[in-house]
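Here is a short report on a single chain. It covers a pocket, a sheet and the overall fold.

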Amino acid sequence: MNAPLWQSWDSEFVWHPYTQMQLVPDAVPVERAEGSYLYLSDGRKIFDGISSWWVTLHGHAQPRIAAAIGAQAAKMEQVIFAGFTHEPAATLAKRLVERMPRGLAKLFLSDNGSTAVEVALKMSLQYWQLRGETRTTFLALEDAYHGDTFGAMAASARSAFTAAFDPLLFDVVRLPFPAPPFAGNDYSDAEHRFLNDLGRHCKLSKPAAFIFEPLLLGAGGMRMWRAEVLREAVTIAREAGVLTIADEVLTGFGRTGTFVACEQAGVSPDMMTLSKGITGGFLPLGATLCTREIFDAFLSDDRKKTFFHGHSYTGNPISCAAAVASLDVFDSEPVFDRIAAIGAVHSERMRPLAAKLGYASRMLGTVAVMEPNNAEGYLSMNSLDLSKRALAEGLLIRPLGDTIYFLPPYSTRAEDMHMAYDVLERLLTTTSF
């Protein structure tokens, strides 16, 4: 099929996500992808600097995962997961629990990051009901983002993302973001405010749960906070009898330098949500892990105490097989050496470039971020212009407003990363941003 024909079908019939279609009417036509690159229908080669919306883990078309998908599709493509099971799901549950912080013992599968969060929110509310308590308040960080379904939106910060739906969202107590100090190890004023507010609301509000993105807020601007603050926050919540939900949809599977970000703080939350990189970026899948105590609260001869939640494709065998194959890559290949190598290039290139431009910068694992002091926020038109010019130079980025970041697949070589920085530096030093 020739590219112009199917491209015209896209323009006529497709509505793309997070896209103002009047400003960006024509989507970029991708023919295939391999490793860290996308190959366009016009023959161009594009470096995927953001892992195709943070999902591609080991690289596009990773052979082991592709083979596992093919083998499973030929064997069994789908089966109802209510009362039925299959080997890929059981294997995935066992191997994920074995890699998780101690205490997370049960896995509930869903379809994506938002649904994984919905499961955690509903599970925590019903848990308290089953214990004979009425708890309907949640605590969350300012600038948080937890997804686009209604519960996940409610837990997220009120923003342009949620504005059209704000009247329908349940209230959440917002905690100040614990911005780290500019220098030194003493707690910053922001960290003190966060911990004090958390402790106060845990005692006064009797919340159902505290939900947080550990160490890295993604769509909220790639903001980073410290492991020691996270550790103290979980301690405060636990001592007050408040459930903790770690939203590791972005931060899981090595993005922050450890398999899950909670490892760096040495904490085990009561629940954890996973998605994005869980299948290596091949197929949709969400997962919510919880403790045995939470699971046991739902066990009863009374069917009304069932956790009434599920999706048609819950536990899809092909998605689960892809996720197991991705874990095989972690077990058999030097994935964390690749992660460290990406981080080394970030350290070499990001700070000097940011300093040259007078930007702030920060790094964590495979994530490197910089932004101007006069950042205009997510709706800044600068991001569309910079993305367009970068694409013309063979680089895919998607700034969050004026916040520019790299989050590449683990297949990325040092020379790939240096090329990306060369392009970014050329663009930012020849045109004001």
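β9 (223-224) and β13 (360-364) each supply at least two residues to the lining of the second largest pocket. β13 gives the most, with 5 residues. Strands (E, at least two residues) and helices (H or I, at least four) are DSSP runs, numbered from the N terminus. The model is predicted: local features need pLDDT of at least 70, side-chain atom pairs count only at pLDDT 80 or more, and totals for chains, interfaces and linings use all residues. Residues are numbered from 1 along each chain as its sequence is written, and side-chain values use heavy atoms, with hydrogens and water left out.

The second largest pocket holds about 1000 Å³ of space. Of its 38 lining residues, G221, R223, M224, R362 and E371 are the closest to the centre. A pocket is an open set of points on a 1 Å grid over the protein atoms alone, where a 1.4 Å probe fits, with protein on both sides within 12 Å along at least five of seven lines; lining residues have an atom within 4 Å of a point. Points are joined across faces, edges and corners, and the volume is the space filled by probe spheres set on them. The lining divides into 21 nonpolar, 9 polar and 8 charged residues. Asp, Glu, Lys and Arg count as charged; Ala, Val, Leu, Ile, Met, Phe, Trp, Tyr, Cys and Pro as nonpolar; the others, Gly among them, as polar.

Now the sheet. Seven strands form an open sheet with mixed pairing, in the order β4-β12-β11-β10-β7-β5-β6. β4 (104-110) and β6 (173-175) stand at the edges with a single partner strand each, so one side of each lacks a neighbour in the sheet. Strands pair if DSSP finds at least two bridges between them.

| Pair | Sense | Bridges |
|---|---|---|
| β4 and β12 | antiparallel | 6 bridges |
| β11 and β12 | antiparallel | 4 bridges |
| β10 and β11 | parallel | 3 bridges |

F108 has T288 of β12 as bridge partner. L274 is bridged to A287 of β12. A246 is bridged to M272 of β11.

In β12 (residues 286-291), 6 of the 6 residues are buried, so the rest of the structure largely encloses this strand. Buried means under 20% relative accessible area (1.4 Å probe, protein chains only). G286, T288 and C290 cover one side, and A287, L289 and T291 the other. Side chains alternate between the two sheet faces in a regular strand.

The chain has 14 helices and 16 strands. Buried residues make up 51% of its 433 residues.

How values were computed. Buried means under 20% relative accessible area, exposed over 50%, partly exposed in between (1.4 Å probe, protein chains only).
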